[in-house]
Amino acid sequence: LQNGDYGKDYIRRIGTRLATILPMEVRSIKRLNYPGSRQSMIVQTLDGLLEILDPIYLTQVMKQLFDQIDYKPTDIILAVDASGYIPAVAASIVTGLKLGASKKADLEISNRIEFYEPGTPNPNVFMYSIPDNSRVIIVDDEIMSGNTAYNAAKALMENGHKVLATVVPV
């Protein structure tokens with residue numbers, strides 16, 4: 001990640017602020033029998049793995065994050081594959097914005113955009129049916145290197161879309 005106005009230092013400040021307002025448990029756990037290079041996985045309170053997910057807590061976290069973004073009613077939230085679906089749905093409910101999803105499946109659907117998620121056994125991810133020249137907010141559950149979000153944003157911008165923000169609760 002770069003360190004501009006909204007770079008590494010900004011992410012750390014927002015993360016620290018959010019952690020004091022809405023604390024959550026976060027762990028790096030070893031994956032068993034995983035063929036990809038990411039041999040550990042970040043799990044946290046918002047993914048329903050460490051404990052049953054409280055939807056009110058999740059919507060509060062997403063509201064806090066989306067309060068930082070100047071979005072319009074016509075903007076689109078894009079969930080990054082399976083892990084980003086839960087926070088993206090919560091964000092869509094909190095904001096009223098329409099929701100799109102990406103999938104690690106190359107489907108016969110027009111208007112698809114492909115991007116690369118490094119370190120995974122199936123690194124090709126596809127975004128579908130995003131209207132031309134959309135303003136998009138990318139939502140994923142966690143960030144390790146920033147490469148997935150960067151690649152998704154780059155692919156969207158190369159296809160004429162404007163990326164307003166990437167929202168990652170962990």
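Colleague: Which residues are buried in α4?

Modeller: This is a predicted model, in which local features need pLDDT of at least 70 and side-chain atom pairs count only at pLDDT 80 or more, while totals for chains, interfaces and linings use all residues. Residues are numbered from 1 along each chain as its sequence is written, and side-chain values use heavy atoms, with hydrogens and water left out. Helices (H or I, at least four residues) and strands (E, at least two) are DSSP runs numbered from the N terminus, and buried means under 20% relative accessible area, exposed over 50%, partly exposed in between (1.4 Å probe, protein chains only). On that basis the buried residues in α4 are Thr148, Ala149, Ala152, Ala153, Ala155 and Leu156.

Colleague: Which residues are buried in α2, and what arc do they fall within?

Modeller: Helix α2 takes in residues 55-66 and reaches 16 Å from its first C-alpha to its last, close to the 16 Å expected at 1.5 Å a residue (1.5 Å times one less than its number of residues). Its buried residues are Tyr57, Leu58, Val61, Met62, Leu65 and Phe66. Seen down the axis of α2, they line one face of the helix, because they fall within an arc of 165°.

Colleague: Is Asp75 buried or exposed, and which side chain does it join in a polar contact?

Modeller: Asp75 sits in the loop between α2 and β3 (76-79), and it counts as buried because its relative accessibility is 1%. Its side chain reaches the backbone nitrogen of Lys72 at 2.6 Å. The side-chain partner, at 2.7 Å, is Arg135.

Colleague: How far apart in space are Leu78 and Arg135, C-alpha to C-alpha?

Modeller: Leu78 belongs to strand β3 and is buried, at 2% relative accessibility. In sequence, Leu78 and Arg135 are 57 residues apart; in space, C-alpha to C-alpha, the separation is 10 Å.

Colleague: What is phi of Asn33?

Modeller: Asn33 is found in the loop between β1 (26-30) and β2 (40-44). It counts as exposed, at 81% relative accessibility. Its phi is positive in a residue other than glycine, near 55°.

Colleague: What is the relative accessible area of Asn133?

Modeller: Asn133 lies in the loop between β6 (124-127) and β7 (135-139). Its phi, near 55°, is a positive value in a residue other than glycine. Asn133 is exposed, and its relative accessible area is 62%.

Technical notes:
The arc is that of the directions from the helix axis to the C-beta atoms. A polar contact is a pair of N or O atoms within 3.5 Å; within protein, one must be able to donate a hydrogen and the other to accept it, and residues adjacent in sequence count only if both atoms are side-chain atoms.
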